Amino acid sequence: MAAVIWAAFHWAPLAAGFKGESSRILFFHVPMAWVSFVAFMTAGVQSARYLFGSRTPQDAQLDRSAAAAVEIGLVFATLATVTGAIWARIMWGSYWNWDPRQSGIVVVLLYYAAYEALRQAIADEEVRARLSAAYGVLGLVVSPFLYFVLPRLGFSLHPEPVINAQGKMEVEARMLTVLLASSSGFTVLFYWMHSLRCRLGAIAARRLEEEN
Amino acid sequence: MSSNWAAEAAAVFAKDWRCELRTRHAVATLALFAVTTLVVASLVLGPVGNEPARAAQIVPVLVWLILLFAAASGLPRAFVHEEESRTAIALRLAGRPSAVFAGKLAHVVTLVAALEAIVAPLAVVLFDLRVADGFAFAAALGAGGLAIAAATTLLPAIVAQGRGASTLFAVIALPVLLPALALAVAASRAALVGIAGGDELTLLLLYDGAVVVAGFLLFPAIWNP
Amino acid sequence: MTPAELEFAGLCRRFGRLRVLVDAGGAVASGGVLSVRGPNGCGKSTLLRCLAGLLSADKGTIRARIDGRELDGDERRARVGYLAPDVAFYDELSGHENLAFVARLRGIAPERGELLAERLGLPGERAWHAMSSGMRQRLRWAFALLDEPKLLLLDEPFQNLDAAGEAASRALLEERLAAGALAVVASPSHVDLPRVTGELQLGG
C-alpha cells in the first residue's frame with residue numbers, strides 16, 4: 001500500500017485533460033468504489049450462506065461476517081463518494097452534479113445504512129441475523145444495478161470507464177499499473193479489516209456467552 | 001396436509017381482499033392521498049398538457065411520486081398488520097410460505113393496479129395531457145407498479161418483525177425503489193413525448209423480475225425461523 | 001392408529017441477556033400428556049413456541065415422529081395443533097370464516113370448522129373483534145384441532161373458559177388423545193390434566 005501511495009504521486013504520469021494534480025485522486029477514488037462493491041457482494045454471499053446453508057453453530061459467524069462486510073463497505077463507499085465529490089469540485093466547480101454514478105453510490109449508501117438501521121431495530125439475535133441476511137441477499141440484486149446499470153443510462157460527467165466499448169485499454173500503461181496495484185492493495189486491506197472485525201465480533205459474542 | 005399451492009395462494013388472496021373490503025382501509029388511504037395530491041397539484045400547475053415539453057418534465061415525476069407515497073402509506077399493512085395483531089401466528093402454522101407470499105403479492109398488485117387506474121386517467125384529465133404512445137405509457141405504469149408492489153410486499157415482511165416497523169419500512173424501501181422509479185419516470189416521459197423508451201422499460205422489467213424472484217427465494221427464510 | 005412421538009433435549013433459549021430456557025428436555029408419546037409447570041416467566045410459552053417451530057432454539061434437539069417417520073422442522077410446524085393466549089384471528093372475519101380460511105390453507109373441508117365450532121359452543125357468525133375472551137378461546141381450540149393433529153401443543157388451554165367451554169374442550173382433548181395424539185400442555189399448577197405421562201418443571 002505504501003508503494004501504491006508513493007507511486008500515485010510520483011511515478012504515474014498525469015492524465016491528459018485533467019486539471020493539475022487532481023487525477024491523482026483517481027488512484028484512490030476508483031479502487032475505493034470498487035472495494036465497496038466487493039464488500040457488499042461479500043456481505044450478500046455470506047448472507048446467502050447463512051440463510052440457505054444447513055443450520056450449524058457456524059451460522060453466527062456467517063452473520064457476523066456479513067455485518068462486518070457491510071460496515072467496512074459503508075466506510076469505503078463513503079470515502080469513494082467524498083473523494084469523488086472533491087474531484088468534482090476541482091474539475092467542474094461543484095461538489096455535486098447529480099451525475100448518475102454519484103446518485104448511484106448515494107442510493108447504495110442509503111441501502112446499507114438501512115441495513116444497519118434494520119439490525120438496530122431487532123433485539124433477538126436469531127431474528128436479527130435472519131432478516132438482515134435476507135436484506136443482504138436482496139442487496140446482491142440491487143447493488144449491481146446501482147453500481148453498473150444505472151450509471152450507464154443518461155449522460156454522465158464521469159470519464160469513460162477504463163475499458164471502453166471496443167475493449168481497448170484507453171489508459172496509459174503506468175496509470176493502469178498504479179490503478180490495478182491500488183485496487184489490489186485496497187482489496188487486501190478490505191479482507192484484512194474484515195477478518196479483524198469478524199474476530200472482534202466473535203470475541204464479543206463469546207464474552208456475552210460466558211457472562212450468562 | 002393435502003392442499004395444493006395455488007389453492008393456498010388463492011385463499012390468502014381472497015382473505016386479504018375480504019378483510020380489505022370490509023374495512024376499506026387501504027383503498028381509502030390510497031385513493032384519498034392520491035386524489036387529493038393530484039387535485040392540489042393540478043390547481044397549482046394548471047393544464048400543463050398544453051405545453052407538451054413542460055408537461056413531460058413535470059407530470060411523470062409528479063405522478064410517480066404520488067403513487068410511491070400513496071403506496072408507502074397504505075400498503076405495508078399487508079404484513080405489518082399481521083404481525084402486530086398476531087394473526088401471523090396462525091398463518092405461519094397453517095400456510096406454506098411461498099403460497100402466503102404469492103397471495104399477498106397478488107393482493108398488493110391488484111391494489112396498486114386499482115390505484116393506478118384512478119390516478120392515471122385523472123392525471124390525464126386534470127393536466128390535459130397528450131399521451132403520444134398510450135401503449136408504452138400503460139406499459140411503464142404496469143412495470144413501475146409491479147416494482148412498487150413487489151417492494152411493498154417483501155420489505156414489510158422484513159421490517160414487521162422489528163421495532164418501529166413503519167418508519168423502518170420507509171428507510172428500507174427508498175433505496176430499493178429509487179432505481180425502479182427513476183426508470184419508470186424515464187419510460188413514462190418517453191411515452192408521453194413519443195420517443196423510444198424501450199431501454200428503460202426493459203431494464204425496469206428486469207429489475208422487477210429480479211426483485212420478485214428474490215422475494216420468492218427469501219420469503220420462506222424471512223417468514224419462518 | 002398411527003403412533004406419534006415427541007422428544008426434546010437440551011433446549012436453550014436466550015433473549016438478549018435473559019436466559020429463558022436452560023437445558024429443557026422431555027418426551028411424550030401417543031395417548032400421553034407431558035405437563036409443563038412452573039412460575040410465570042419460567043419459559044413455558046417459549047418452550048411451546050420452540051416445539052411448534054415458531055421460535056428457534058439456540059441449542060438442543062427436537063424430534064417428532066409420526067408412524068415411525070421423523071418430521072423435519074417445516075413438517076412439524078405444519079402438523080402441530082397449537083393453542084396459546086396470543087394466537088389471534090382476523091378482526092373482520094367471523095368464527096366460521098376464520099376457520100374456513102385455515103381449512104382452505106390446509107386443504108380440508110370447511111365443514112370441519114363448523115362442526116368443531118358447534119361442539120365447542122362457539123357462535124360462528126360473530127366477528128373476532130366482537131367476541132368475548134371466552135369465545136376467542138373456543139375459537140383457538142377449534143383452530144388447534146381443525147386438522148385432527150397428532151401433535152398438540154397447548155399453552156394455558158383452559159384460560160378464560162367457563163364451565164361449559166372447559167367441559168367441551170376437555171372432551172375433545174380426550175377424544176384426540178384416545179385417537180393416538182400426544183399433547184404437551186403448559187398450565188398453572190392447580191389445573192388438572194388427563195392422562196399425564198410425564199411432568200416437566202421449569203424455572204427456579
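The structure is a predicted model, in which local features need pLDDT of at least 70, side-chain atom pairs count only at pLDDT 80 or more, and totals for chains, interfaces and linings use all residues. Residues are numbered from 1 along each chain as its sequence is written, with chains lettered from A and ligands numbered from 1 in the order in which they are written.

The C-alpha trace of chain C spans about 45 × 35 × 30 Å along its principal axes.

Turning to chain B, helix α2 (residues 25-45) and helix α6 (residues 97-127) have axes that come within 10 Å and cross at roughly 15°. Axes here are lines fitted to C-alpha atoms, for helices over the stretch in contact, with angles from 0 to 180 degrees between N-to-C directions. α2(B) is therefore roughly parallel to α6(B), a term for angles under 35 degrees. Residues making the contact include Leu30(B), Leu38(B) and Ser42(B) of α2(B) and Leu111(B), Ile118(B) and Phe127(B) of α6(B), contact meaning that C-beta atoms, placed from the backbone, lie within 7 Å. By class, this contact holds 16 nonpolar, one polar and no charged residues; Ala, Val, Leu, Ile, Met, Phe, Trp, Tyr, Cys and Pro count as nonpolar, Asp, Glu, Lys and Arg as charged, and the others, Gly among them, as polar.

A second pair in chain B joins helix α4 (residues 77-84) to α7(B), at an angle of about 25° and with axes 7 Å apart. α4(B) is thus roughly parallel to α7(B). Ala78(B), Phe79(B) and Val80(B) of α4(B) meet Thr153(B), Pro156(B) and Ala157(B) of α7(B).

Between chains, 23 residues of chain B and 23 residues of chain A take part in the contact. On the chain B side, α7 (134-159), α8 (165-193) and α9 (198-223) each give two or more residues, and that side has 19 nonpolar, three polar and one charged residues.

Note on methods:
Helices (H or I, at least four residues) and strands (E, at least two) are DSSP runs, numbered from the N terminus. Angles under 35 degrees count as roughly parallel, over 145 as roughly antiparallel, 65 to 115 as roughly perpendicular and the rest as oblique. Two residues are in contact if their C-beta atoms, placed from the backbone, lie within 7 Å.
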